[in-house]
Amino acid sequence: MKKLACLALALLIALSLGTAVNAKSLNLAMDADPVSLDPQVQLSGGMLQYSHMVFDPLVRWTKEMTFEPRLAERWERIDENTVRFYLRKGVTFHSGNPFTAKDIVWTVDRLKRSQDFKGLFEPFVGAAAVDDHTVDLVTKKPYPLLLNMSTYIFAMDSVFYTGTDERGLPKDAIVKTGYSFANVNESGTGKYRVTHREQGVRNVFEAYKNYWDAESPGNVDTIILTPIKKDATRVAALLSGDVDFIMPVPPQDYDRIAATDGVKLATMPGSRVITFQLNQKRREEFTNPKVRQAIVYAVNNEGIAEKIMKGKATAAGQQAPEGYLGYVEELKPRYDLAKARKLMKEAGYPKGFECTMIAPNNRYVNDDKIAEAVVSMLGRINIKVNLKTMPKAQYWDQFDAQTADIQMIGWHPDTEDSANYTEFLLMCPNKETGYGQYNSGNYCNPKVDELILACQSETDRDKRAAMLQEVERILHNDAAFVPLHWQHLSWAGKDALNILPIVNVMNFPYFGDLVID
Amino acid sequence: MNAPFSDKTKPLLSVRDLSKIFDISGGFLDQLTLKNGRLRREKTTVKALNRVSFDIAPGETFSVVGESGCGKSTLGRTVIGLYPPDGGEVHYGGERIDTLSSRRMLPFRRRMQMVFQDPYASLNPRKRVAAILEEPLRFHHPDMTADEVGDRVKEVMEQVGGDVQWLTRLPHEFSGGQRQRISIARALVVDPEFIVADEPISALDVSIQAQILNLMMDAREQRGLTYMFIAHDLSVVEHISTRVAVMYLGSLCEVADVDRLFADPRHPYTRALLSAIPRLGKKKSDHVRLKGEVPTPINLPTGCVFHGRCLYADERCVREIPELLKQDDGVLAACHGVEEGRL
Amino acid sequence: MTDRWQRFKKSALFHDFKGDKVAIVSFATLVLLFICAFSAPLIAPYNPYDSANIDIMSSEIPPVWMAGGTNDYLLGTDAQGRDLLSTMIYGMRISIIIGICAVALQAVIGIIIGLIAGYYGGKLDGFFMRLADVQLSFSYLMVAIFVSAVLQAAVGVGRFAEIAVPFLIIVIGLAQWPQYARTVRASVLAEKKKEYVEAARVTGFGAHRIMWRHILPNCMSPILVLSTIQVANAVMSEAALSFLGLGMPVTRPSLGSLINAGFEYIFSGSWWITAFPGVLLVILVLAVNLLGDFLRDALNPKLYKG
Amino acid sequence: MVAFIIRRIVQAFLVMFIISSIGFAIKHNVGDPVWQITGISVSKAERERIREQLGLNDPVYIQYINFLKNAAHGDLGQSYFYKKPAADVILDKAPATLELVLVSSMIIVVLSIPLGVYAAIYPKRIFSRVVMGGSIVGVSIPVFLIAIMGVYLFSVHLGWLPSFGRGATVNVGGWRTGFLTVDGWLHLILPSLSLSSIMLPLFIRLIRSEMMEVLESDYIRYAWAKGLKKYRIWFLHAFKNTLLPVITVGGVQLGITIAFTILTETVFQWQGLGFLFMEAVERSDTALLVAYLMFVGMIMVVVNTVVDIIYGVVNPTVRIAGTK
């Protein structure tokens, strides 16, 4: 019976490919597809994109980086540790179960157990149901980012996920590497249900008929998501008309897509900063701030942004992009080759030195090409760099072991907040607290640590901004890292798609709101 | 040079009970067969030599004759050490040589040489004649100067009737007869005392055969060589040999001085062979016809290997292997009939 | 030396060569490419390894005859701003070095094993040939991928650029030895039966001397023909590995990694980054293959099939 | 025959053992899977706990013994990415590759035999020269270059053919086939042509040279002398004897074809084993890597066996290779 159903479904898909015009279906190609149907199994861009299609969060980010009510209709701060959410009524899960405050309590409990999310929800005590449609989120101490974190609370159907499945295993188990009920079944409140999933090959999402958001203009009933990993193949698929929408778009093809009739390109500045870290423990030279500054001055990051990123990146002089609390207007990119050479001479290395560099080749946009360009730029101040690029699967191991003197890392804060950059990348590495987990430069400045720790419980926005900006200035003057650019986000699709209204800086296109003309 | 072995009373080469078995059954897995539903390991072997014994005295030309496939080439190769024997002993100049390591064997390599049948295959096609001749010399006499080597090569070349100009050429530029001269020169260049000649003329044109034979006989005269001459052509053997051994299916039938053998063959197989030689004035009815065909050496007949084809075979011949026994006149024959005086 | 040359001029091989236009043209092409490759520092307009010559701001300049092209860069520049012509010449040098050395390595391993297996036979032969069977049942590409994964981890990452060339030589060399071993073994088995080998043994020569000085020279024509084919194969293998991202690093590109790097630009209009190295690679491999074809016809060796 | 079977079984075990060892050797070199299954902001301690849970902290030999134990029961481990047993994933993806290889093999057979035979019979004709010239050019173009050019020309430029993937597939008893839909066939064209581009020229040349050799032989001359019809001579006598070496080489080449699927499938995003393999390398999905190696090794042993048997059927004068 199951086989017959599969057969019928496959035939249906085959037919629908031929008659896609009236059905308002979307053929979507991304670089990867969701690794699981369980939204809490992994914290990654792909999983959050999936979560926004199939599940709904309490609140979500708008394009302007404000909060938009979703399952929570409104919210208010009750005391310094608690925010009360008033939930939408009449919402049902895909299973048909009604959505209540119990589901939020259950979801937050599970988030605190999830290996990937427990870190983010560490400041939380938990959620408490006040009544069926009111729930309190309680933190351990005043927490300025409570709403930011609420965007991660995607309501899961507590009834559906409770109990044991036919194998006798608990349905709520979070399993990363094998079977679990939640990995292959879903019941969310989102616009789309997963009707067919062949991992890595094809995923079909169909609109849920009892979806609560009747005001959304979105008119896409079926989404067929195909992962296409190789950039050129993804672009070829769009250009040959095999798919309607691709993300991300490789910069080298921006012009071509923009110039092709029938397809269009949409880009937006992003908040992922690409940097190099100079390891002061491996290289004595890098402990000298003049050498670090010389390197920053030698790197023409505006050239990289213009040429390698085809102008679709913003050259950076600090960690946080414009719009973030910590952003400091006057910290600009500092390319100046003459000054770089002078600094090298002052530091006592007019003849330069030799060192090693590693970078991934499939993690960030054009990561290997950027690294290669930086190698030749450093060559101009006589620093001879041996570069090795590798797939991300091997990269993080090497990064963590700090096998090279200069290492690339890009960072996008899960909290959409300035402090997050510094906490992971530049605070003094500390095994107990976990701060500085990705600080392979081993930069350590107690003043920076002090400021970041203080701002974690500072709920006054202006005071907090001042602290974060102070941090950026210190890092800038110390040349604590080599800032390159903020990657732009890019999407491309057929002309009939109204892409711009649904995309945002987090790179979670809200496909539920997509309108196809 | 040959002084220690000029003693004519002691044999130069002595072969005792020499046996050689070739295993043609392949690897372990190929030996497995299914018999009556059970897996068994079976070896397939060819008994090329069965307890062959003879002596060769210094200065002799000892010929071994027999049909093709009778094991005479194997005998030559085993004697000279190309094949390790599976039984028996080979003594040379009083010393047992079949068990020597290749290093201990080296001095004998210089004293024993071989001439091969196929002049096209026996010269390395990639080497110039000079190299073919010089290499053995340099190998055995590392202390010789280049001039000495050159002189020695030229000398041998002249002796075999070759031209000094041949030295710079490659083997494919020569005719079969010329190549065989070069082969002989290669054997002679290390100044051996004993040469195994494995049908050295059978691949040559008839007109050339005599020249090569004469060359070999001249060399024997000049150098006091001892030959073991392997042939299937009795008429040639008659001319050059001092003694003749007749072989059949890996066993010796008869060993005798050449005159005795041709005048008075004892073994029925020798008789049949001799009767096949065309001679003037010979009646056709004298021709002894053998029945049947040569059996395969994979499954040797019981008793006398010749019994299946022998006109005189009786029940004892089927049962018992005859010994090579000395007759009154010194002829050795392995035949129950001869022993019993039936023949 | 002149003597040898005279003799070579009289040989059948040279006679055939003179009569074969395709062989002459491909040989001339090959000689030209080799000269270009090995005099790269002299003839290439720029040194692509010297970062002083590389400016990111002059990336993706089209060839001189196209709109936007400049006389400075005859065939344009690549995505890093390197002169494409110079990069190709240097890249070809790397491809050729890897190709030839990898074949030399396979040949050495294969010939030693083939000689030993063929000459001694028995268990040794069985062992090596089983090993060759097993390895051949995986194609060289897969073997190369494994070996490269293992070796890459073994050498660490820092110095990879410096050891990349010997690394690829070893990878391709280890992946391809069975071809040689089988061909050599087959020839040795045929040669071993010939009487000149017995003559050598009768003279008392040791096994090594017989194998190397007597048998091996007679196996040269299949080895020569196989070697030309294998050089072409090795150049292609290197390109394939580089295409999969397992080959030469981007800072010292071979033709294969140039094609791979350019592949991403094929839709963007900068087709020359992948097209020119691609054409050069095809010409190089084609010339070697045509020459191999000629040798095969002229020497008519029995190659081991399969 | 007994020897033959035992030899094959021994060889299969040998292959499997070597592969599993190699698989294990590279397992620790293709990266740490824990990085692939966790988000980047997960803490170090949390990662260490996962590693411990997965048994990745055990000594290598213990992991290897555990692996062999499980493998003996047919369990090749769990794919981290697919969250399923690796063997299941392999079996899921195998149809795609097998169909691709099958279609390319068909293309090779259908084209190479007539072209090779023609070029052998009429070596001087213009068309033969074109075929032979074309084939040597074909041998000299890397398969990925042909694939790229194909996509550029037929998909992007002309828009005639799809550029990636298998298109619509139909599940027939667990075998997901692209043969039953028009879309599936359209998707097959470019990948199968690219894949056959490497072997087709080789086969044309092989068939031609073998056929020419046979045509030169004495018994064919004798057949001419007997006055047999030319088609009878060409196809019944000469071609039949040409087949033997072609079959032997063909079997080995099939293995190479399977490896070249890695290149073709990468360019076309063909969801088969080759693509899976490269993805598994990139994701350090080590159980899949080992399972893939063992699967391909198994296929090769089977193919070699079949080739030997066919060889024996086509030419009864030689018994199955490896027996006396």
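**Entry 1: which chains touch**

I began with the pairs of chains and found that, among the five pairs that touch, chains A and D have the most contacts. I note at once that this is a predicted model, so I read every value below as computed from it. I then looked up chain A against chain B, and these two do not touch, their nearest C-alpha atoms being 44 Å apart.

**Entry 2: the interface of chains A and C**

I turned next to chain A and chain C, where 33 residues of chain A are in contact with 24 residues of chain C. The area buried between the two chains is about 2,700 Å², and carbon and sulfur atoms give 56% of that area. Which three residues supply more than any other three of the area that chain A buries against chain C? I wrote down Lys307(A), Glu372(A) and Lys388(A), which together supply 22% of it.

I looked for charged pairs as well, and the rule finds two salt bridges across the interface of chain A and chain C. In one that I looked up, Glu372(A) is paired with Arg82(C), and the closest N and O atoms of this salt bridge are 3.1 Å apart. For polar contacts, I recorded five residue pairs between chain A and chain C, with both residues at pLDDT 80 or more.

I then asked which elements of chain A each supply at least two residues of the side that touches chain C. The helices are α7 (231-239), α10 (301-308), α12 (367-379) and α13 (392-401), and the strands are β14 (353-360) and β15 (383-390). Of the elements of chain A, α12(A) gives the most to this side, with six residues. By kind, the residues on the side of chain A that touches chain C divide into 10 nonpolar, 11 polar and 12 charged.

**Entry 3: one serine in chain C**

I picked out Ser95(C), which lies in helix α5 (residues 84-120) of chain C. Is Ser95(C) buried or exposed? I count Ser95(C) as buried because its relative accessible area is 1%, where the cut-off for buried is under 20%. Setting aside neighbours within four places in sequence, I found Ser95(C) in contact with Val235(C), Glu238(C), Ser254(C) and Leu255(C).

**Entry 4: chain B as a whole**

The C-alpha trace of chain B spans about 65 × 60 × 40 Å along its principal axes. The radius of gyration of chain B is 22 Å, which agrees with a compact globule, because a globule of 343 residues would have a value near 20 Å. I also noted that 51% of the 343 residues of chain B count as buried. Among contacts in chain B with a separation of 6 or more, 66% are between residues 24 or more positions apart.

Conventions
Residues numbered from 1 in each chain as written. Chains lettered and ligands numbered in written order. Predicted model: local features only at pLDDT ≥ 70, side-chain atom pairs only at ≥ 80, totals over all residues. Heavy atoms only, no water. Contact = heavy atoms within 4.5 Å. Buried area = accessible area lost by both parts, 1.4 Å probe. Salt bridge = Lys/Arg side-chain N within 4 Å of Asp/Glu carboxyl O. Polar contact = N/O pair within 3.5 Å; in protein donor to acceptor, adjacent residues only side chain to side chain. Helix = DSSP H or I, 4+ residues; strand = E, 2+ residues; numbered from the N terminus. Nonpolar A, V, L, I, M, F, W, Y, C, P; charged D, E, K, R; others polar. Buried < 20%, exposed > 50% of the residue type's maximum accessible area, 1.4 Å probe, protein only. Rg over C-alpha atoms; globule rule 2.2 N^0.38 Å.
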